[in-house]
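Hi there,

Here is the structure I promised to pass on. Have a look, and my notes follow below.

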Amino acid sequence: MQSWRRKSLWLALSASWLLVLLRVFPLLRMAVPARPWVGAPQGWPRWLDAELLQSFSQPGELPEDDPQPPQAPRGGSCDWGACFDVSKCRGGGLKVFVYPVAGPISDTHRGILASIESSRSRSVSPDEACLLLLLSLEAPTGECSPVPQQWNGGRNHLVLSLHSAFCPQTFHLGQAMVAKASPTVDTFRPGFDVALPLLPEAHPLRGGAPGRLGQHSPHPGVPLLALAEERGGWRTAVPDSSACPWDGRCEQDRGPEQTHPGATLPNATFCLIPGHRPDALHFLQALQAGCIPVLLSPRWELPFSEVIDWTKAAIVADERLPFQVLAALQEMPPTRVLALRQQTQFLWDAYFSSVEKVIHTTLEIIQDRIFGASAHPSLLWNSPPGALLALPTFSTSPLDFPFYHLQRGSRPVGRFSALIWVGAPGQPPLKLIQAVAGSQHCAQILVLWSSEKPPPPRWPKTTVPLTVLEGQRKVSDRFFPHRAISTDAVLSLDAQSSLTTSEVDFAFVVWQNFPERMVGFLTWSHFWDEARGGWGYTAEKANEFSVVLTSAALYHRYYHTLFTHSLPKALRALADEAPTCVDILMNFLVAAVTKLPPLKVPYGKQHLEARPPLAPGGPKSQLPAQDCINRMAVEFGYMPLVSSRLRLDPVLFKDPVSVLRKKYRSLEKP
């Protein structure tokens, strides 16, 4: 009897547990987003939260979309492996030939041609090119660009159009890739076509306006909504979950609203953008203003979705669920809001602020397909300074670049290489070599001999290797990526420089904590000259500075690669013609990449005054530095230099304590 009761109790408990499990598992399946089908080509976004969104409403409550006839992707089953001949790119990488344009062209198309002319991928011959680019021109008569002779069914061709009015083709695209502004999800071929942003007619060709997050920061705790209107304006409203500002079926009070006509973006935190294709232009406006785009069931492919992780900068929502979307925006944590807004500013500045950046990003995506996914990992595309400034020819590992140590919680290891540039009058810097070799962080000394006089046959004995490199008697040669440089840190010096071992040691410690910046001793400062209507500079000692002289500066060796392979040839030629410009050009480059000012460290009174370096052949007529600044600002499209009033000193520097307690004692010697 006792045994029968125990068996009955166990059966009852087992049955109850089975009922609980049967009820829980369906709930778990409903809470876990459905996994997309593997291998099926899908356009962005992929609705991973479809089951969750359905759970907010009752069956039959959601309106049904109008049935759309299935459309086959343009070009049939064309993909990267089947329709692009990678063998043509194996020798010299991506080389682009642009078909000449007959007749008058717009300023935008002229900017496209200039962008490709200044890129590293330009080719002058279609036979040597890996990619043949055809601009889709919208002629007043409605005619399109004629079929080029080398069409070959469109193989290894790219048809490009930056505006929504895509020219109706009079020929079949065949195997050609299409780079089109805001293509529809139905016709876009992922991994083969390139989705471009929908640019306004007056978009800057180079440089571009900076982001406006500083001017568009609403008061904390009072987030605002901006709703894109059909006529190009914006309407703002408080995100109250009791109102649905974009749904005409709502009868509740919409609350306070404000209309902003034209393209002026209001001071908003979230920008609601309907999913219709004409509203894609609002998407770019939201990025520039630092307003988080909230895309309501977009029917168009987001720009550069192949490489950009838009989940870090935008929100995709279902336009059929207005109340749930507003409630989610209202409850979003402030840290998440700040991260999304910061990412919008980075993406705008890195890829969308000018026509030149849009074209270079398109070519970089195609180049990544040629070299494989490892050419630019996702971190390089979606973290400052962006993939355009992280050249795969230098490295494909983020740890080899100076920009990603903070994100990974690391710091540069090793020591530095001293690169001493010797121009006129060709005197070997014996005292400087001894001071640098005495540093505990010095790994090697490289003497770049650019003087007309031959180098001396004997050099002083040092505790570190000393190598003499033959220069080309050009000032820009000091920033060439010499293979002899074996360390990440480079200490750039002139033969006339005067440093002590303690100054070098402390400067290197500072650089290890800020490897993306330039660390220097002597400084200049730039300013806007109202009388001349241009930029000027001063070498006078002041509390503010924006340029450190490369005659004594520490920086990452990657900037040598950027200087040689990323800067236009015209700027490098300018530095060679006017050696006073070389310091400004290097500071322009680093400031444009990092958006940060250089760092200044203390130096002794034995230093010479800040003066421009001499040319390899001796003093000659040189271009004034003011003209250098203005010509470089025109080439960059804006002024990248950032001013600072910060100087980093060692602990107890000039404090009235015993010298024995100070680590860098010689810094305070007269």
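In which sense do strands β6 and β7 pair, and over how many bridges? Strand β6 (residues 225-228) and β7 pair in the antiparallel sense, over 4 bridges; pairing takes at least two DSSP bridges between two strands. Helices (H or I, at least four residues) and strands (E, at least two) are DSSP runs, numbered from the N terminus.

Some background: this is a predicted model, where local features need pLDDT of at least 70 and side-chain atom pairs count only at pLDDT 80 or more, while totals for chains, interfaces and linings use all residues. Residues are numbered from 1 along each chain as its sequence is written, and side-chain values use heavy atoms, leaving out hydrogens and water.

Within the pair, L225 stands opposite A237 in β7. Strand β7 (residues 234-237) is covered on both faces, with W234 and T236 buried on one side and R235 and A237 on the other. Buried means under 20% relative accessible area, exposed over 50%, partly exposed in between (1.4 Å probe, protein chains only).

Helix α5 (residues 280-289) has 9 of its 10 residues buried, so it is largely enclosed by the rest of the structure. Its buried residues, F283 and L287 among them, pack against β6, β7, β9 (270-274), β10 (292-296) and α7 (334-352), with contact meaning heavy atoms within 4.5 Å.

On to the cysteines: counting sulfur pairs within 2.5 Å as disulfides, there are 4 disulfides. One joins C78 to C83 (S to S 1.7 Å), and both cysteines are buried.

Best wishes
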